[in-house]
Amino acid sequence: MQLLLPQQCSGICFWLHVCSQKESLYLDRVRQMESARRSGRFRVERDVLDELKLEEVTQRKSYADIHSSLSEQLKNSLRCNVPYLKQSIVSRLPVLYWLPKYSVWDYGMPDLISGISVGIMHLPQGMAYALLASLPPVFGLYSSLYPALVYFFFGTSRHVSIGTFTVLSIMVGSVTERLAPDVDFQKANGTNITAEVDVTARDSYRVQVAAATTVLGGLIQVLLGVVKFGFVGTYLSEPLVRAYTTAAAAHAVVAQLKYVLGVSPTRFSGPLSLVYTLKDVCSLLPNTHLPTLLVSAVTIVLLIAAKELNSFLSSKLPVPIPVELITVKLTGFLHILHLCTSLSSPSVPDVSLFGEVIRDAFALAIVGYAITISLGKTFALKHGYKVDSNQELVALGLSNTVGGFFQCFSVCSSMSRSLIQDTTGGKTQMAGVASSLIVLVTILKLGTLFQELPKAVLSAIVFVNLKGMFKQYYDIVTLWRSSKIDLVVWLVTWVSTLLLNLDLGLAASVTFALFTVIFRTQLPAYSVLGNIPGTELYVDIETGIPGVTIFRSSATVYFANADLYLEALKEKVCKNDIKRAKRQAKREVIYGRWEYLKGGDPDCTSLGWMSELQDGDTTTLGSSSEDTLSHDLERVSLGSLGKWTWDIHSIILDLSTANFIDTVAIKTMKNIFQDFSEIDVDIYMAGCQASVVEQLEHGDFFSEKITKRRLFASVHDAVLHCLNHRGATTIPTYEPSVVQELTLFYSM
């Protein structure tokens, strides 16, 4: 057995001691990590990352490397292979995706019950809303049949009910009455013109106008869907849409007053037409037909009572009681009792009308899509499936285009019918097919029965169905509490739609809503951030960082607010120093004037900028005008403050809120770097997204003085750099021990 020398024994003992120490430190470290894990507190150690180091670590690629060019995208779109062709066909014809998976056992009966319930609602609503479009009631049934069948093949929402809708019907009615007024169809009797109107000729031409508007609106929707403009509906915010539909309900009420009262007011179109129509109706109140008014009032009361009963018994009834259909049938049997067994034959719309209705068609396309996609996304979120916004635009466009060839007017999803389809258990688009079959049977067997209905009854149905829209006036109270700007958008939309009519009102509302966005980005909230001790969080609190100021804007910096950003930075960061400098400058200016009046020689070197005055300006100094004094004080700039002792040595611009930066903002950032360098204050930028960094490169922002070393991955990295770079030498007011503790604390 070999004996160990004393030196070897001591070495082994030392080695064992070191190992035990390392093991003890390791176990302590493990216990600390376990304790941190349980308490939810962790500590991350890494190097400070500026933009150059970040690019090295992440091997960041440029936008051009990640995204293919336009020519490559075009080439890829023209390539054709079997998987790509299959995917394209299924995406454009969604019925091929879900119909083979359809389970009759699971979905058949719920879809059938839901379809029957919705189909029963289609009948009275379609005929009533045809009156809003100033068309015969039977064309409302056509509009409830053909578009729903087309949507079955191309739509992606499982719960929306496509057909007539209040707002679109009113918009179509404004077009038909403008291009086909009663005055143009008065019958002539020899040399005298009687007050009788050729209703057949007038309605025939109005159907042509409505069909042309519908086809053109549908083509616009298809075109927008093909070029991926499905996001266009996002420009219609919820307050705007609700205010627009509320104002449209007011238009509907005024339009139906003539049927309820039994009077014949003059038809008006264009801005303020609602005011003129209401004024004319009020002047005709003494001529009210009392039996018509009585029928309307009784029908409204009965319908409201029946709807309230349906709501009360909703949990016990499998389907709602079709009170509207019962009312229509009871009044219909009092008139014509022979049957009609024909459908409308397709015909090409009058293309010559496209030029006159293109503005209205575009408005119909946008409003109809906005309502449909908003309802579709609501139900998709509720039931856990996805709605393709671009495909919905194509589906709705094809529904309107094909429907226009069958004398239908513009359609979209209905709020009330879609809710019934959802609450009665509808699962897929097959519910829409079932409701279309109900409408088809009605047209084939009872079509003519509904052509001579009392319009007062249909007007009463319109009044009752508008009850939900009138409840939207409660939005004023809600928005007053939540968002004043959204409230202003709501009120402006409501007023402009009432006064300017539906088409111009929509344009004015969208324009104003966009201006509110510009206004909010032009006047964002500027704040100086502080650190929450022990964290990497920097928020708008009073806890500051010695010598470092973090400045953040709540909006991106661009041409509309670049100057405001610079002024806010100087105001927030240099406010106390500039006030102190101006007080001293005021004393120096007054002292200079006093020395001049005494004939002395003021010390121009102590005045700074005053040494640069020309000989012709000396008379200005001798003046006692306060305006001159103010003018002199305004000449205090950041450069003239270089002699003052600053409380800060570094400013960090938090650009994490910026998603782009334009050339004006780039020049502003350059000016910030240049201005603050004159007073020996370092400027850093933090939180820039990759796209913003690339835009800075393209805008020639970086130079020898401004490098990517001035950009940091996060605000925390920038703060650590500032404290390590200048923190220990620029805080002379603190004790050395305090400086060391602060530096160690913020570097943890």
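## Overview

Of the 748 residues in the chain, 46% count as buried, where buried means under 20% relative accessible area, exposed over 50%, and partly exposed in between (1.4 Å probe, protein chains only). This is a predicted model, in which local features need pLDDT of at least 70 and side-chain atom pairs count only at pLDDT 80 or more, while totals for chains, interfaces and linings use all residues. Residues are numbered from 1 along each chain as its sequence is written, and side-chain values use heavy atoms, with hydrogens and water left out.

**Whole chain**

- The chain holds 30 helices and ten strands, taken as DSSP runs numbered from the N terminus (H or I of at least four residues for helices, E of at least two for strands).
- Among contacts in the chain with a separation of 6 or more, 81% are between residues 24 or more positions apart, a contact being heavy atoms within 4.5 Å.

- An unreviewed UniProt entry places the feature "transmembrane region" at residues 129-154, 209-231, 288-305, 357-381 and 494-519; UniProt positions are given in the numbering used here, feature names are shortened, and annotations may be inferred rather than shown by experiment.
- Residues 357-381 are 100% helix and 0% strand, with end C-alpha atoms 36 Å apart.
- Residues 494-519 are likewise 100% helix and 0% strand, and the end C-alpha atoms of this span lie 20 Å apart.

**Nonpolar surface patch**

- Phe268, Leu272, Val275, Tyr276, Val495, Leu499, Leu500 and Leu504 make a nonpolar surface patch of about 590 Å²; patches are made of residues with over 30% relative accessible area and no salt bridge, with like charges joined within 9 Å and nonpolar side chains (Val, Leu, Ile, Met, Phe, Trp, Tyr) within 5 Å.
- The elements giving two or more residues to this patch are α12 (273-283) and α22 (484-522), and the largest share, four residues, comes from α22.
- Leucine 504 has its place in helix α22 and is partly exposed, with a relative accessible area of 32%.

**Buried polar residues**

- Glutamine 221, in helix α10 (residues 199-226), counts as buried at 1% relative accessibility.
- The side chain of glutamine 221 joins that of asparagine 400 in a polar contact of 3.0 Å; such a contact is a pair of N or O atoms within 3.5 Å, where within protein one must be able to donate a hydrogen and the other to accept it, and residues adjacent in sequence count only if both atoms are side-chain atoms.
- Leaving aside residues up to four places away in sequence, the residues that glutamine 221 touches include Leu364, Tyr369, Leu393 and Asn400.
- Serine 157 lies in the loop between α8 (138-154) and β1 (162-163), and is buried, with a relative accessible area of 1%.
- Serine 650 lies in strand β8 (residues 650-654), is buried with a relative accessible area of 0%, and makes a side-chain polar contact of 2.7 Å with histidine 649.
- Beyond four places in sequence, serine 650 touches Gly547, Val548, Thr549, Val681, Asp682, Tyr684 and Cys722.

**Salt bridges**

- The structure holds ten salt bridges, each being a side-chain nitrogen of Lys or Arg within 4 Å of a carboxyl oxygen of Asp or Glu.
- Aspartate 654 and arginine 552 meet in a salt bridge of 2.6 Å, N to O; aspartate 654 lies in strand β8 and arginine 552 in strand β7 (residues 548-553), so the pair ties together parts that are 102 residues apart in sequence.
- Aspartate 654 counts as buried at 2% relative accessibility, whereas arginine 552 is partly exposed at 25%.
- Lysine 570 and aspartate 675 form a salt bridge of 3.8 Å, N to O; lysine 570 lies in helix α23 (residues 562-598) and aspartate 675 in helix α27 (residues 663-677), so this pair ties together parts that are 105 residues apart in sequence.
- Salt bridges that share partners join Asp182, Arg202, Asp203 and Arg206 into one network.

Terms used:
Areas by Shrake-Rupley, 256 points an atom, 1.4 Å probe, with all protein chains shown as cover.
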